[in-house]
Amino acid sequence: MTKHRLFWPATVLAALLLANVLFTPDFFAIRVKDGHLYGSLIDILHFGAPLILVALGMTLVIATSGIDLSVGSTVAIAGALACLHISGAADPASPGTVFGAVAIALAVALVLGLINGVLVAGVGVQPIIATLILMVAGRGVAQLVTDGQIVTVTSEPYKLIGGGYWLTMPFAILLAVLVVLLTSLLTRRTALGLLLESVGGNPVASRLVGIRAMGLICLVYVFSALCAAVAGLMISSNVSSADGNNAGLWIELDAILAVVVGGTALTGGRFSLGGTVIGALLIQTLSTTVYTIGIPPETTLVFKAFVVIAVCLIQSPAFRAKAARRRARTGRGPTPRPLTTENTEVGA
């Protein structure tokens, strides 16, 4: 069971959740108030929903041996465009106005993702360079859209996306679950997932067997941008405002961490959507834990880095084999079995 790729991330997540009970005895308590579910676990899922979506798109990009550093800027642009459209509308509370804002944000994200895909697959620019361009420029575009100001909106239909409730649950959780299920269905119940892994694992062989890598690579970058746009709508909706400077700041790094912790290899060729979801929840639980136990916010990133390094080392077969050999030499453990080829395939 310990060889399963999700075992160690899930174990660390469970341990981290249990550790919170030491500081917050009612950490696992879930209450119903005004017909809505409340509690620390609900908060982790609620505030972790945008990261889950961004990490989901990042997973498919990494599966093709790529990387998308522009998702944070896409988050900012999507939120800025949506809030600007709503704030300038004659009736901000109209469902039509909100649908228009969502459509504008998704359409722009589609174009941004397509630009990334064409740069990577069509022009041949390295993924980290191609997306770094939009990462830098996109943040400036978001500030241009908002004129460097925080755009506030008052719209109940828009508030539903990131801060509202539906069927007693935060709507953002339901939306994230729906996207995860649809993505899992498309990639694991059809040949799409296998094709993506083929392109990422051996692009030469995939080209020789007739797989059109360019279309698939463009598809994953577009999907990544759309996921980031939905995350941007959630974030801006939750705070009823758009901040082009801070919205989605460094979320691309958290998404990459979530993908790595979830067991997806950065070299491409294989991916785990379930691992990515666990990784994103682990990252969000870390943030919640930091604030719960009173660690200074200035050290949050350092605390997070130590935990992520520990998780990566624990789930690394090479590190575990080395530790087992060390214990065997000191007579404190059984003789370790040699590291097999199957074990070395696990990422992180």
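Start by selecting the loop between strand 1 (30–33) and strand 2 (36–39) in this predicted model, and within that loop pick out Asp34. Asp34 is not a glycine, and yet its phi is positive, at about 55°. With the surface displayed, Asp34 counts as exposed, because its relative accessibility is 68%.

A second residue with a positive phi is Ser240, for which the angle is near 55° although the residue is other than glycine. To find Ser240, select the loop between helix 10 and strand 6 (241–242). Ser240 has a relative accessibility of 21% and therefore counts as partly exposed, the cut-off for buried being under 20%.

Show the side chains where they meet: on the helix 8 side select Leu192, Leu195, Leu196 and Val199, and on the helix 10 side Ala213, Leu216, Ile217, Leu219 and Val220. Coloured by class, this contact has nine nonpolar residues, with no polar and no charged ones.

Next, select Leu106, which lies in helix 4 (residues 95–123). Once its neighbours within four places in sequence are left aside, Leu106 is in contact with Leu226, Ala229 and Val230. Leu106 counts as partly exposed because its relative accessibility is 27%. For a sense of distance, draw a line from the C-alpha of Leu106 to that of Asp43: the two residues are 63 apart in sequence, and the line spans 26 Å.

The last stop is the largest pocket, which holds about 930 Å³ of space. To centre the view there, select Leu249, Ile251, Asp254, Gln284 and Ser287, which are the closest to the centre of the pocket among the 27 residues that line it. Then display the helices around the pocket: helix 2 (40–63), helix 10, helix 11 (251–261), helix 12 (273–292) and helix 13 (300–314) each supply at least two residues of the lining. Which classes of residue make up the lining of the largest pocket? Colouring by class gives 17 nonpolar, eight polar and two charged residues.

Note on methods. Residues are numbered from 1 along each chain as its sequence is written. This is a predicted model: local features need pLDDT of at least 70, side-chain atom pairs count only at pLDDT 80 or more; totals for chains, interfaces and linings use all residues. Side-chain values use heavy atoms; hydrogens and water are left out. Contact means heavy atoms within 4.5 Å. Helices (H or I, at least four residues) and strands (E, at least two) are DSSP runs, numbered from the N terminus. Ala, Val, Leu, Ile, Met, Phe, Trp, Tyr, Cys and Pro count as nonpolar, Asp, Glu, Lys and Arg as charged, and the others, Gly among them, as polar. Buried means under 20% relative accessible area, exposed over 50%, partly exposed in between (1.4 Å probe, protein chains only). On a 1 Å grid over the protein atoms alone, a cavity is a set of points where a 1.4 Å probe fits but cannot get out, and a pocket is an open set with protein on both sides within 12 Å along at least five of seven lines; lining residues have an atom within 4 Å of a point. Grid points are joined across faces, edges and corners, and a volume is the space filled by probe spheres set on the points.
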